[in-house]
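Okay, thanks for coming, everyone.

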Amino acid sequence: MKLIIATQNKSKLREIKQILKGVKLPVVSQDDLDRKFYLKENGKTFFENAVKKTLPISKVYKDDLVVGEDSGLEVQYLRGAPGVYSKRYSGKNWTYKKNNQKILKELEGISQKNRKANFHCCLVVFRSGKLIKRIDGRLNGYISKESKGKHGFGYDPIFYLPKYKKTAAQLPSSAKNKISHRAIAFSKLKAHLYKVSRST
Ligand code: IMP
């Protein structure tokens, strides 16, 4: 049995493999498989999208564990937006910069205490086409008043972490990857796999 990571995103894969180091199963990505999968992320929740990325692979690779995730930014003042629309929030010709500018504009004049936000990662594990585990990871912070920092990606330059007095993009990737929503979810998965392997 192997652990298949249902992602085609190389930087996510690197991050995930790093977190899963020490897991006894061989870890491979969907790009390492013989069969190719073209998946649509058109669900209404992170959970639905995570399932859409993972289930079709699990139906084919029945003996393996297949893990997938979907993630994004939720801003309290915007009632959870951009949520599942995080990637293309500024429209068809989206860029990370345009997405960030859109959020900053929507929060113009809003005080610090009303700028609460979180990154959310929903991870699912399938075996033989059946959901066997769902794990959620969240990183809480605030939307800053301006974009700062060069590291990371996406909304990192406008995601302020009070504990560090920095945006996520001002933290080196190694530091962000220890505290991120994805790190939280995949570390929980690692602990779960360890527990299961000891009880079988
Ligand atoms: P997906 O899960 O690859 O579809 O990512 C959705 C979008 O959420 C990304 O394109 C980013 O805009 C945003 N996002 C997810 N995780 C992060 C993160 O760790 N930092 C900044 N933005 C993120």
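Predicted model: local features only at pLDDT ≥ 70, side-chain atom pairs only at ≥ 80, totals over all residues.

I'll start with the overall fold, go on to the ligand site, and finish with a loop.

The chain has five helices and seven strands. If you walk along the sequence, the order is β-α-β-α-β-α-β-β-β-β-α-α. The radius of gyration is 17 Å, close to the 16 Å from the globule rule for 200 residues, so the chain is as compact as a globular protein of that length. And if you want the dimensions, the C-alpha trace spans about 55 × 35 × 25 Å along its principal axes.

Where does it sit? The space it takes up is the largest pocket. Which elements give two or more residues to the shell around it? Those are strand 3, residues 65-75, and helix 5, residues 181-199. Strand 3 gives the most, with three residues.

There are 17 residues around the ligand, and the ones that come nearest are Lys12, Phe153, Asp156, Lys176 and His181. How does that shell divide by residue type? You get four nonpolar, five polar and eight charged.

Now for some individual contacts. With Tyr155 we're looking at the backbone: one of its N or O atoms lies 3.2 Å from a nitrogen atom of the ligand. And how much of the ligand does the protein cover? On its own the ligand has 480 Å² of accessible area, and the protein covers 94% of that.

Last stop, the loop between strand 3 and helix 3, which is residues 96-106. Some background before we look at the backbone there: most peptide bonds are trans, and most residues other than glycine have a negative phi. In this model, Ala81 and Pro82 are joined by a cis peptide bond, with omega at about 0 degrees. Pro82 is in that loop.

Definitions and conventions: Residues numbered from 1 in each chain as written. Heavy atoms only, no water. Near = heavy atom within 4 Å. Polar contact = N/O pair within 3.5 Å; in protein donor to acceptor, adjacent residues only side chain to side chain. Areas by Shrake-Rupley, 256 points an atom, 1.4 Å probe, with all protein chains shown as cover. 1 Å grid on protein atoms, 1.4 Å probe; cavity = no way out; pocket = protein on both sides within 12 Å on 5 of 7 lines; lining within 4 Å. Sits in = over half its atoms within 2 Å of the grid points. Helix = DSSP H or I, 4+ residues; strand = E, 2+ residues; numbered from the N terminus. Nonpolar A, V, L, I, M, F, W, Y, C, P; charged D, E, K, R; others polar. Rg over C-alpha atoms; globule rule 2.2 N^0.38 Å.
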